[in-house]
Each structure stands twice: as structure tokens, then as C-alpha cells.
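Thanks for coming. Please have the model open on your screens.

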Amino acid sequence: IFLAFLVPIILSRFRKLRLPIVVGEIIAGIIIGRSGFGWVQHHELVLDLLAELGFVFLMFLSGMEIDFSSLGLLNGKQKAEKQPASPIRLAGISFLLTLGMSTLIGFAFTWADLASSPWMIALILSTTSLGVVVPVLKEQGLSSGRYGQTLLISALIADFVTMLLITVVVAALSHGLTLDILLVGLLFVAFFLMYYFGGIFFNRVKGVRRILEELSSATAQIKVRAAFTMMLIFVALAEMLGTEVILGAFLAGAIVSLLKRPEDESLIHQLDAIGYGFFIPIFFIMVGVDFNLASLLSSPTALLLVPLLLLSAAAVKLLPSLIFKSSFSWKQTLAAGTILSSRLSLIIAASAIGLRIGVINESFNAAIILVAIATVVIAPPIFTRLIP
């Protein structure tokens, strides 16, 4: 907790480095973790719980960051005026190109006998860290503009589409396609039902809005309590259905974003303060704590794989991001490809799954972890230099 307080102060004294606070937190975690002084244990129950809550809260706030009015749902008059390509269209094309390039690289790794499933490698390389993109854009004050929304949606598609596809691929490789995969759809059914009936209840039923406003101050803070309730209901539902809890948290945040009104702006600030002021920094510090440098250095194969994987990870994001040039400047386009190259928790989780089912080996898994750390340390500073 003291490190979470100290890191922003230290980074503010080294403005020329332009290191995002997220990067500083990860580096701080490496210093105090098992790859550094070993002051914090790898598995500490309380810290693991707080870090998990931090990650869930980060996904919840990520859902709240999406501005649904900018997703390209334009009316006929706007379409006739030749508006630039919508953020969701640009993000979708970019991801399809990324997936295609990643698949080719996956087959190359399989041909070189470094992995046994090109599809799993393709999905591992297709990930982007929404957990890094959101804080960096927020720190730069870009999350609400068209450019920031395009990057947010690009990261969102990359994270959650690959997560769903990984579920399908792992099921197919492990025990064939089963009907259990369809349970994920129930989460989206719950999302639409909650949005529909929540809109009726909170916005149309007489007296509900007045009661919410009356109880939103002092010790009641009913809106904050409602947001936490929504988040944890969807997290629990996702857990029951056997899917990723972060997907449930994101959908809960999206519901809050859809239902909120202009007078709810203070709620957004309160939730940001709780998340970025306490839970989320613990998550990023624990990412650094968990990094095992010793196991990586003991494998020469992993060290050889690192530059190859790092180059591949950058290429599959930078080249497809050139599609953004149709709507943004060259500097913004290169910055977009750079920040979307950052990976963190999802790529590490996907690699661990691949290791568990035997489609990648230990050295490949260790290299993936280092690539994730490297991209999350390198990409955000470059982005902040290109887009100050």
C-alpha cells in the first residue's frame, strides 16, 4: 500500500522518462518480489485477493469507459454527411488483420516444432492488455475522445474475443466441442435483461430517481453500493457459468455506462477514486511480484525465443494498426499500434492454459511472460512520447 502511494510521487520527479504509473507499479513489484529482494511472498492470501479484486475492478471501470454513443450507430442524416469510419469498424478490421497475421506466425512456430497448436499461438499473440490501455489513456486524458474510444474498443475486441475463442479452442483440444461452451451466452442474456429492465426501473418508474438522489450523499452512497452490487452479481454469475470473471465485470461496467445520466458524473469520480486509489495499484504491483526471473534465465531456449516473440508481438499489432491512418494522423496511428502492442494478464493466462494442455512447452511459456513484461514496460512510454 505504501508503494502504491510512493510510485506516483517518484515518477513525478522523473518527468523526462514519461513512465506511466502502471509501469512504475510493475517495476516496484519486481523489486520487492521474488525476482528482487523477496520482501513480498509469491502467494499471500490477502494480497492475492486484493489483486484479484483490483483486476476485476479494472475491467469494471473499463466497461464504464466505453462511450456507446461513439460506436458508429449513426442515423441516416449523419451517414449522408460522409462521417469518418466509426471506431468499432476501425477496431474490427484491425483485429481481423491481427488475427490473420497471428495465425500465420502460429503455423510458423508449429512448423519449427516450438508449439503443437497454431491456433493457440495465434490467440496468444492476438491479445492486447485492456488493463494497460485504459489507465494509460485515462492518465493522458484521451479516454473520452474519438481517438481514445477507438483504442479502447480495439483493446476490448482483442481481449474479449480472444478470450472467448481461447475457451472454444481449449475445449476442442481437450475434450472436443461440448454444449458447455454455450453457457457463456447466458452471461450476455443476463446483460441485455439487466440493461432493459434496469432502464425501465431506474429511469421510468416514478420516485426511483428521486430516492437515488436523496440517498447518494453522506453515509448512504446508494449509487456506489448499487455499482458494486451490479459488478459482483455479474462476477458471481460468470464464475457459476465457468467463464472468465473479468468478462462479467466488464459487462457490469457497460451496464452502468448505459444507464448513467449526466447527473451521475460524481458516481464515476467516486468509483475511479476507489479503483485507481486502492485496488488497481495492488494488482499491478503483484504482477511484478509474481514474475519469476530465475526460471527464465535457467532456460537458454526461452532466452532465444524472447526476441522472436517480441518482434512477432509488435508486428501483429503495428502493421494492422495502419488502417487507423484513414481517420487519424501518422503520429496517432503509430502511437495506436504501439499501445495496442502492450500485453499483460490475458497473454500470461493464455500461455499458462497452453502449457497446462500441452500445446506449448516450459521455455515458450517463460518467454511469453518476459514478452508481456517487456511490452508493458516499453509500449506505454513510447505512446506517451508520441501523444503527450
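**Helix H3 and its partners**

Helix H3 and helix H12, which spans residues 245–259, have axes that come within 6 Å and cross at roughly 40°. Before I go further, note that this is a predicted model. The crossing of H3 with H12 is right-handed. On the H3 side, the contact is made by Glu-52, Phe-55, Val-56, Met-59, Phe-60, Ser-62, Gly-63 and Met-64. On the H12 side, the residues are Val-245, Ile-246, Ala-249, Phe-250, Ala-252, Gly-253, Ala-254, Val-256 and Ser-257. Sorted by class, the contact of H3 with H12 has twelve nonpolar residues, four polar and one charged.

Next is helix H13. H3 covers residues 45–65 and H13 covers residues 265–290; their axes come within 7 Å and cross at roughly 135°. Is H3 parallel or oblique to H13? At that angle, H3 is oblique to H13. The crossing of H3 and H13 is left-handed. In the contact of H3 with H13 there are 21 nonpolar residues, with two polar and two charged ones.

H3 and H7 pack at an angle of about 60°, and their axes are 10 Å apart. H3 and H7 cross in a left-handed sense. From H3, the contact uses Leu-58, Met-59, Ser-62 and Glu-65. From H7, it uses Leu-130, Gly-131, Val-134, Pro-135 and Lys-138. The residues of this contact of H3 with H7 are five nonpolar, two polar and two charged.

Now to the start of the chain.

**Two serines**

Let me move to a pair of serines. Ser-321 is in the loop between helix H15, residues 300–318, and helix H16, residues 330–339. Is Ser-321 buried or exposed? Its relative accessibility is 2%, so Ser-321 counts as buried. Apart from neighbours within four places in sequence, Ser-321 is in contact with Ser-94, Thr-333 and Gly-337.

Ser-94 itself is in helix H5, residues 87–111. Ser-94 has 5% relative accessibility and therefore also counts as buried, since the limit for that is under 20%. Not counting residues up to four places away in sequence, Ser-94 touches Pro-320, Ser-321, Ile-323 and Phe-324.

Leu-173 is in helix H8, residues 146–175. With a relative accessible area of 43%, Leu-173 is partly exposed. Beyond residues up to four places away in sequence, Leu-173 touches Ser-117, Ile-357 and Val-359. Where is Ala-218 relative to Leu-173? The two are 45 residues apart in sequence and 54 Å apart in space, C-alpha to C-alpha.

Leu-237 belongs to helix H11, residues 222–241. Its relative accessible area is 24%, so Leu-237 is partly exposed. Val-184 is 53 residues away from Leu-237 along the chain, and their C-alpha atoms are separated by 10.0 Å. Leaving out residues up to four places away in sequence, Leu-237 touches Leu-187 and Ala-190.

Last, Tyr-195 lies in helix H9, residues 184–203. Tyr-195 is partly exposed, at a relative accessible area of 35%. Setting aside neighbours within four places in sequence, Tyr-195 is in contact with Leu-258 and Leu-259. The C-alpha atoms of Tyr-195 and Glu-239 are separated by 20 Å, and these residues are 44 residues apart along the chain.

That is the end of my part.

Note on methods. Residues numbered from 1 in each chain as written. Predicted model: local features only at pLDDT ≥ 70, side-chain atom pairs only at ≥ 80, totals over all residues. Heavy atoms only, no water. Axes fitted to C-alpha atoms, helices over the stretch in contact; angles between N-to-C directions. Helix = DSSP H or I, 4+ residues; strand = E, 2+ residues; numbered from the N terminus. Parallel < 35°, antiparallel > 145°, perpendicular 65-115°, else oblique. Left-handed = near helix turned anticlockwise from the far one by under 90°. Nonpolar A, V, L, I, M, F, W, Y, C, P; charged D, E, K, R; others polar. Buried < 20%, exposed > 50% of the residue type's maximum accessible area, 1.4 Å probe, protein only. Contact = heavy atoms within 4.5 Å.
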